[in-house]
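This report describes selected local features of one protein model.

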Amino acid sequence: MTAYEDILYEVRPAGVARITINRPDRYNAFRGRTVDELIHAFQTAGWDKSIGVIVLTGAGDKAFCTGGDQGAHDGQYDGRGTIGLPIDELQSLIRDVPKPVIARVAGFAIGGGNVLATICDLTIASERAQFGQVGPKVGSVDPGFGTAYLARVVGEKRAREIWYLCRRYTAAEALQMGLVNAVVPHEELDAEVDRWCAELIERSPTAIALAKRSFNADTESIRGISSMGMQALSLYYDTDESKEGGVAFREKRKPDFRRFTEGK
């Protein structure tokens with residue numbers, strides 16, 4: 001893969017690789033191709049010895065990422081992988097690369113986008129950013145890192161609230177619950193990300209890689225939960241209950257999930 005369609009890949013002189021989801025017209029929602037390109041970019045940056053930090057962001061000011069593209073979701077998604085998207089492969093890769101990964105969040109980090117921001121080593125947000133999950137509103141869920149690891153980050157009670165109620169949280173609220181590391185005025189976001197990158201570049205890359213491996217070891221069992229959960233999610237996506245979420249989203253109405261479970 002030498003040319004990208006859905007993402008931008010930039011290597012900056014200071015040893016920073018910036019990976020940008022470039023679908024602003026879709027609020028940087030990802031389809032199968034997007035995830036494959038992200039995987040390729042992270043593999044490229046992750047094992048390039050000239051790279052010290054990886055920054056993940058979204059094009060434009062409206063969204064970091066809003067998860068799976070519902071326009072490409074009719075039962076299964078449109079790519080490869082257990083659910084049509086190799087999203088679990090991408091999540092694992094962000095954890096596996098021996099470089100710190102910073103999520104630069106300028107707008108919505110919703111659904112799968114919220115999961116990506118959570119999994120990144122560090123998250124820096126504009127004061128305009130919003131965070132949250134939508135899975136149970138659209139007939140979906142992340143049965144792995146998006147749930148179990150989120151609970152490690154913000155605590156069980158808050159994680160259950162985030163997933164069960166599907167509320168939106170401001171950047172300030174996300175900071176208070178430990179979901180992000182820093183919140184800055186929107187116009188200062190890039191400067192703040194650059195400052196964090198500059199500090200990280202000055203640190204021992206081997207020490208950081210060992211620290212990252214050590215942090216990950218404590219939650220590595222979640223990878224197994226995710227693998228099993230994605231198999232279950234694939235079966236769920238083929239049910240009328242799950243499909244109701246996508247249909248209702250496209251028809252811009254409230255879904256009626258209960259009619260598919262009554263009497264069971």
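## Backbone, helix packing and pockets

Tyr-27 is partly exposed, with a relative accessible area of 38%; here buried means under 20% relative accessible area, exposed over 50% and partly exposed in between, with a 1.4 Å probe and protein chains only. The model is predicted: local features need pLDDT of at least 70, side-chain atom pairs count only at pLDDT 80 or more, and totals for chains, interfaces and linings use all residues. Residues are numbered from 1 along each chain as its sequence is written, and side-chain values use heavy atoms, with hydrogens and water left out.

Tyr-27 belongs to the loop between β2 (16–21) and α1 (32–46). Helices (H or I, at least four residues) and strands (E, at least two) are DSSP runs, numbered from the N terminus. Although not a glycine, Tyr-27 has a positive phi of about 55 degrees. Asn-28, found in the loop between β2 and α1, also has a positive phi, near 55 degrees. Most residues other than glycine have a negative phi. Asn-28 has 0% relative accessibility and therefore counts as buried.

Helix α2 is largely enclosed by the rest of the structure, because seven of its 10 residues are buried. These are Ile-87, Leu-90, Gln-91, Ser-92, Leu-93, Ile-94 and Arg-95. Their cover includes α1, β5 (101–105), α3, α5, α9 and α10, where contact means heavy atoms within 4.5 Å. Ser-92, a residue of α2, has 10% relative accessibility and so counts as buried. Residues up to four places away in sequence aside, Ser-92 touches Phe-145 and Arg-223.

The axes of α2 and α10 come within 10 Å and cross at roughly 170 degrees. Axes are lines fitted to C-alpha atoms, for helices over the stretch in contact, and angles run from 0 to 180 degrees between N-to-C directions. The two helices α2 and α10 are therefore roughly antiparallel to each other, the term applied to angles over 145 degrees. In their contact, Ile-87, Asp-88, Gln-91, Ser-92 and Asp-96 of α2 meet Arg-223, Ser-226 and Met-230 of α10. By class, this contact has two nonpolar, three polar and three charged residues. Ala, Val, Leu, Ile, Met, Phe, Trp, Tyr, Cys and Pro count as nonpolar, Asp, Glu, Lys and Arg as charged, and the others, Gly among them, as polar.

A pocket is an open set of points on a 1 Å grid over the protein atoms alone, where a 1.4 Å probe fits, with protein on both sides within 12 Å along at least five of seven lines; lining residues have an atom within 4 Å of a point. A volume is the space filled by probe spheres set on the points.

| Pocket | Volume | Lining by class |
|---|---|---|
| Largest pocket | about 890 Å³ | 20 nonpolar, 12 polar, seven charged residues |
| Second largest pocket | about 520 Å³ | 13 nonpolar, six polar, five charged residues |

The largest pocket is lined by 39 residues, and Thr-66, Gly-68, Gln-70, Val-134 and Phe-249 lie nearest its centre. At least two lining residues each come from α2 (87–96), β6 (108–110), α3 (112–119), α4 (135–138), α10 (221–237) and α11 (240–251). For the second largest pocket, with 24 lining residues, those closest to the centre are Cys-120, Asp-121, Leu-122, Tyr-149 and Phe-215. The largest share of the lining of the second largest pocket, six residues, is supplied by α9.

Notes: Parallel < 35°, antiparallel > 145°, perpendicular 65-115°, else oblique.
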